[in-house]
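Please look over the sequence and the model shown here. The paragraphs below walk through some features of the fold.

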Amino acid sequence: MVADSGPDLAHADHSKEPAVDLTGHVVIVTGSSSGIGEAVARRLATADARIVVNSARSVQAGERLANELGEACYVQGDISDPGTSRALVDAAQDRWGRLDGLVNNAAVTADVPLADIDGVTVDHWNRVLGVNVVGTFLVSQAALPLLRVAEDGWILNITSIAGIRQTGSSLPYAVSKAAVDHLTTLLAKHAGGRVRVNAVAPGLVATPWTETWDRVKEGVTAMAPLERVATPDDIADACVGIIGARYTTGQTLLVDGGLGLVL
Ligand SMILES: NC(=O)c1ccc[n+]([C@@H]2O[C@H](COP(=O)([O-])OP(=O)(O)OC[C@H]3O[C@@H](n4cnc5c(N)ncnc54)[C@H](OP(=O)(O)O)[C@@H]3O)[C@@H](O)[C@H]2O)c1
C-alpha cells in the first residue's frame with residue numbers, strides 16, 4: 001500500500017487565490033515588471049485591486065503587465081528620482097482618484113561580494129542607499145497624504161533576510177535592507193491616519209535577479225528547514241497575509257523557509 005504523503009505544499013498553486021478583497025482599491029507596486037513585484041501585482045489584481053505598475057528600464061515588460069491586468073497603468077521611473085514618486089501617486093490620483101496601498105519592492109544591489117570590504121566604493125553606497133532607502137522613503141512620503149485619507153491605508157516594504165542576518169548580495173545592500181526595516185517601524189509610528197506600515201523580508205527567491213545563483217540555491221535547499229528556495233508566489237502569499245492583518249503595524253515578517261534559523 002502506498003502511504004498518503006499529504007498535500008504537496010511546495011508545489012501548491014496559490015496564484016489564483018484572492019485571500020483579501022481589495023475591490024476598488026488602488027495600489028502602487030514599485031519594481032513590478034518582473035520577479036516578486038510582478039507576482040505581488042498579479043495577486044493583488046486577482047483580489048480586484050487596481051494597480052500602478054512601475055519599473056526603471058523594463059518598459060515593455062511593465063506595459064505588457066499593465067495591459068494584461070486590465071485595471072492598471074504603467075509608470076516608468078527610477079524610484080531614487082523624486083519625480084518618479086510624484087508621477088506614481090499622480091497616476092493613481094488622476095486615473096482613480098484614490099490610493100489605498102503601496103508596495104515598495106524596487107531595489108538594487110552592488111556587484112561586490114559581501115565579504116569584499118575593500119571593494120565597496122562611495123558610488124556603491126550612493127546608488128544602493130539612494131534607491132533602496134531614499135527611493136523607498138520618497139515614494140512613501142509622496143503616497144502618505146492619500147493613504148491617510150483611505151479607509152484602510154497601508155505600506156508594505158519588501159526587505160530581505162540580508163537586513164536581519166549577516167548575509168546578502170553586497171554589504172551596502174544588506175545595510176540598506178536593515179535601514180528599510182527600521183524605516184518601517186518609524187513610518188508605522190509616525191505615518192498617522194491609521195496607516196499600517198509593515199515589511200516582508202524574503203530569503204532566497206527564484207527571480208530574474210537570482211537566475212544565475214545555482215550554487216547559492218543548492219546551498220539554501222540543503223540548509224533551509226523547508227528544503228527549497230522560495231517562489232515569487234510564496235512571497236505574494238505573505239504579502240496578502242500581512243495586508244489582510246488589519247491590527248498589525250511596524251512589523252517585519254521573515255519569509256525564508258526557516259533559513260534564518262540555521263544561519
Ligand atoms: N530574489 C531574491 O532572492 C530576493 C531576496 C530577498 C529580497 N529580495 C527583494 O525583492 C525585491 C524584488 O527583487 P526580485 O528578485 O523580484 O528582482 P527582479 O526580478 O530583478 O525585479 C526587480 C524589479 O525592480 C525594478 N527596479 C530596479 N531598480 C529600480 C529602480 N531604481 N526604480 C524602479 N524600479 C526598479 C526592476 O525594473 P528594471 O528592470 O526596469 O530596473 C524590476 O521590475 C527587491 O526589493 C529585492 O531586494 C529579493
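The model is predicted, so local features need pLDDT of at least 70 and side-chain atom pairs count only at pLDDT 80 or more, while totals for chains, interfaces and linings use all residues. Residues are numbered from 1 along each chain as its sequence is written, and side-chain values use heavy atoms, without hydrogens and water.

The largest pocket has a volume of about 1,200 Å³. A pocket is an open set of points on a 1 Å grid over the protein atoms alone, where a 1.4 Å probe fits, with protein on both sides within 12 Å along at least five of seven lines; lining residues have an atom within 4 Å of a point. The volume is the space filled by probe spheres set on the points, which are joined across faces, edges and corners. Among the 48 lining residues, Ala107, Tyr173, Thr207, Trp209 and Thr210 are the closest to the centre of this pocket.

At least two lining residues come from each of helix H1 (35–46), strand S2 (50–55), helix H4 (122–149), helix H5 (171–190) and helix H6 (214–223). Helices (H or I, at least four residues) and strands (E, at least two) are DSSP runs, numbered from the N terminus. H6 gives the most, with four residues.

Asp48 is found in the loop between H1 and S2, and its phi is near 75°, a positive value in a residue other than glycine. Glu227, in the loop between H6 and helix H7 (232–244), also is not a glycine and has a positive phi of about 60°.
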